[in-house]
Amino acid sequence: MSELNWTPPEVAEFYDGSSPMADKYYFGYQHLGYWYDDSDDATLEDATKRLTGKIVDTLGLRRGEHLLDAGCGLGAPAIHIAGEYGARVTGITISPVEASRAEARAQESGVSDLVTFEVADYHALPHAENHFDAVVAIESLFNAFDLDKALLEFHRVLRPGGRVAFSEMIKTTSASQAKRPFPQAREPMTAEDWTKAFETAGFVVEEQVRCGRRVYVNSGKRYLNRHDEVSGLLAGEFGEEITADIRKGMQTAFHLGPEDVDYFILCARKA
């Protein structure tokens with residue numbers, strides 16, 4: 001499988017530098033949103049929460065269960081999950097800046113009794129075998145430098161019968177053109193390749209969902225609109241050059257159509 005063009009310390013450094021912008025101007029969410037159609041007027045924040053819920057719903061998460069959020073970012077999804085489902089959540093991120101801000105966000109949200117955050121690498125999780133009831137990885141595995149190892153770690157820390165759900169942009173066919181989320185990230189895979197990867201790691205795949213237009217197409221429009229709304233503030237705080245580069249990157253990332261890319265949610269169980 002394709003490898004990263006950057007190292008874990010470089011991934012951490014990238015998110016240390018970029019997360020303050022996402023924290024302040026994109027509501028602490030670092031994944032796409034879910035809109036039912038072009039006329040859906042849900043805000044960017046509400047749509048990202050909606051996608052979080054759609055992914056977690058595949059797990060059948062129950063009150064009191066212990067969830068690992070692998071690649072938790074700034075903690076907004078983990079906090080939403082704890083409040084909505086009554087689950088205990090441990091979030092891990094390779095970025096110390098993200099972990100610190102996520103901890104502060106949990107305190108501010110009044111859920112620090114349910115949610116904790118750690119600086120950790122999902123290739124070598126600091127948890128015992130059979131530790132979690134469920135794992136979620138929302139748009140975080142494109143940073144896996146060894147995908148097989150990461151999935152084996154998910155399998156190891158899950159109890160028997162535990163579930164894992166992940167979501168990513170995928171190529172619709174092996175011949176499709178698909179931009180990487182970042183130039184250094186993993187090459188997008190097909191749904192078939194993802195299914196094979198989870199099965200090879202010992203999981204039984206139970207559910208697959210594709211929702212490209214409701215996620216990819218509408219997220220592109222809404223993120224560009226949001227960027228334009230706050231571009232003056234971004235330029236004042238982070239500089240005009242990086243503000244312009246971000247918009248250009250968004251345009252590049254979202255210019256593809258359904259013939260090339262889809263949005264994929266997969267849920268699997270540890271036998």
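Biologist: What share of the contacts with a separation of 6 or more comes from residues 24 or more positions apart?

Modeller: The share is 76%. A contact means heavy atoms within 4.5 Å. This is a predicted model: local features need pLDDT of at least 70, side-chain atom pairs count only at pLDDT 80 or more, and totals for chains, interfaces and linings use all residues. Residues are numbered from 1 along each chain as its sequence is written, and side-chain values use heavy atoms, without hydrogens and water.

Biologist: Why does the radius of gyration agree with a compact globule?

Modeller: The rule is 2.2 Å times the number of residues to the power 0.38, and the radius is taken over C-alpha atoms. For 271 residues a compact globule would come near 18 Å; the protein has 17 Å, so the two agree.

Biologist: What percentage of the residues count as buried?

Modeller: Buried means under 20% relative accessible area (1.4 Å probe, protein chains only). By that cut-off, 54% of the 271 residues count.

Biologist: Which helix gives the most to the lining of the second largest pocket?

Modeller: Helix 7, residues 212–238, with four residues. A helix here is a DSSP run of H or I, at least four residues, numbered from the N terminus. A pocket is an open set of points on a 1 Å grid where a 1.4 Å probe fits, with protein on both sides within 12 Å along at least five of seven lines; lining residues have an atom within 4 Å of a point. Among those lining this pocket are W35, R222 and E229.

Key. Helices (H or I, at least four residues) and strands (E, at least two) are DSSP runs, numbered from the N terminus. Buried means under 20% relative accessible area, exposed over 50%, partly exposed in between (1.4 Å probe, protein chains only).
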